[in-house]
Amino acid sequence: MRFETLAIHSGREPDPTTGALASPIYQTSIFVFEDVGVTRGYDYSRTANPTRKALEDCIAALEGGKAGFAFSSGMAAETTIMHLLKAGDHVVSGDDVYGGTYRLFEKVMKDFGLEFTFLRMDDRKRIEEAIRPNTRMIWIETPSNPLLNIVDIEMVVDIARRHKLMTVADNTFATPYFLRPLEYGVDLVVHSTTKYLNGHCDVIGGAVVTATDESTERVQFLLNAMGTCASPFDCWLVLRGIKTLAVRMMQHEENAAHIAIYLEKHPQVKTVFYPGLKSHPGHEIAMRQMEGFGGVVSFEIEGGIEAANSFLRRVKIFSLAVSLGGVDSLVEHPASMSHTSMPEEVRRDVGITDGLIRLSVGLENIDDLIEDLEQALEHV
Ligand SMILES: *Cc1c(COP(=O)(O)O)cnc(C)c1O
């Protein structure tokens, strides 16, 4: 089956007791044993729950993985993955990863004895030089947040295999509709399902997809041991969102591409960051490894912080809010909103300037969106 069909049908059997087509919300903590030591496959919802299982199977099918796991948030998924490591292990990570990822690594996991090196993932030599005898994992995010940098996944996987390292790809921005990292040999995919997979700005959730029996067993063990699982209702909402993932992503991309082209021509705009633009440094790699460029567009406005603030106050349809990936168009200012957990000098090095603005382009009418940007830029 192809993507659109899998998105609608995977993980869903008509309910065996009633024939309900939509997956029921199994809002229960416990499942009664049939006999001493005999269950019907479920005993306690932290370990496994049928609504969660439906979502997990669906995400695994879309990513082409062995198994999927649903977590209470993207950060819960990431925290759980970090527990595949132990004190003394070293991780090489992209330097422009999600702000919360940076915070988890630097401000939490470091205190448990993990070591991190953050670097731009665009140069084989630089990545190889960062690898130490205790390196265990390479963490990538592509397209990255908020600069939409593209990581060459095949190159990273090749380096990782030579050094026997685990690779983890945060696939939140691209979604499996545009990119399936496991096909390139990545070991684990992580998602914030809060974003495109759910797509309606009404759930916090996360997911992990594994590629091998060994990692499946370990992630299942950790999810249960750490209790980082998602609730049945949240799983049901994400599953519902995924049914329309393909059509949503197509339209997000169409709207985003229009806006990127519009902004590139605007005199008030210094630089546009969108991998679909020929001017984007990662365009060639994105063309090769992705089937589309996604719905997030960042740009640097002329005039720095003053101009950015004025723009942010004037947009009307774009809501001033963190997060992304929903039907609603959102605008945010990474330096003062999503990336405050990154120290200022690190933000500078990475290229998150005070004039940088990130748009999560929603599914409203494109003419309305352009008019909104137009009136806001006009008055800057
Ligand atoms: C939002 C996000 C996360 C964190 O997910 P939550 O659901 O907010 O915990 C991780 N990675 C990326 C790329 C994100 O956008």
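The crossing of α3 and α4 is right-handed, the term for a near helix turned clockwise from the far one by less than a right angle. Helices here are DSSP runs of H or I with at least four residues, numbered from the N terminus. Helix α3 spans residues 74–82 and helix α4 residues 99–108; they pack at an angle of about 35°, and their axes lie 11 Å apart. Axes are lines fitted to C-alpha atoms over the stretch in contact, with angles between N-to-C directions running from 0 to 180 degrees. On α3 the contact (heavy atoms within 4.5 Å) is made by M75, E78, T79 and M82, and on α4 by G100, T101, L104 and F105.

This is a predicted model, in which local features need pLDDT of at least 70 and side-chain atom pairs pLDDT 80 or more, while totals for chains, interfaces and linings use all residues. Residues are numbered from 1 along each chain as its sequence is written, and side-chain values use heavy atoms, without hydrogens and water.

The domain assignment, automatic or from a database, gives domain 1 (3–242) and domain 2 (246–378). Their centres, taken over C-alpha atoms, are 26 Å apart, and each domain brings 42 residues to the contact. Between them the domains bury about 3300 Å², 62% of it on carbon and sulfur atoms; buried area is the accessible area (1.4 Å probe) lost by two parts on being put together, summed over both. In domain 1, L147, F178 and Y196 lose the most area to domain 2, together 24% of what that side buries.

Across this interface the rule finds 2 salt bridges, each a side-chain nitrogen of Lys or Arg within 4 Å of a carboxyl oxygen of Asp or Glu.

Methods. Helices (H or I, at least four residues) and strands (E, at least two) are DSSP runs, numbered from the N terminus.
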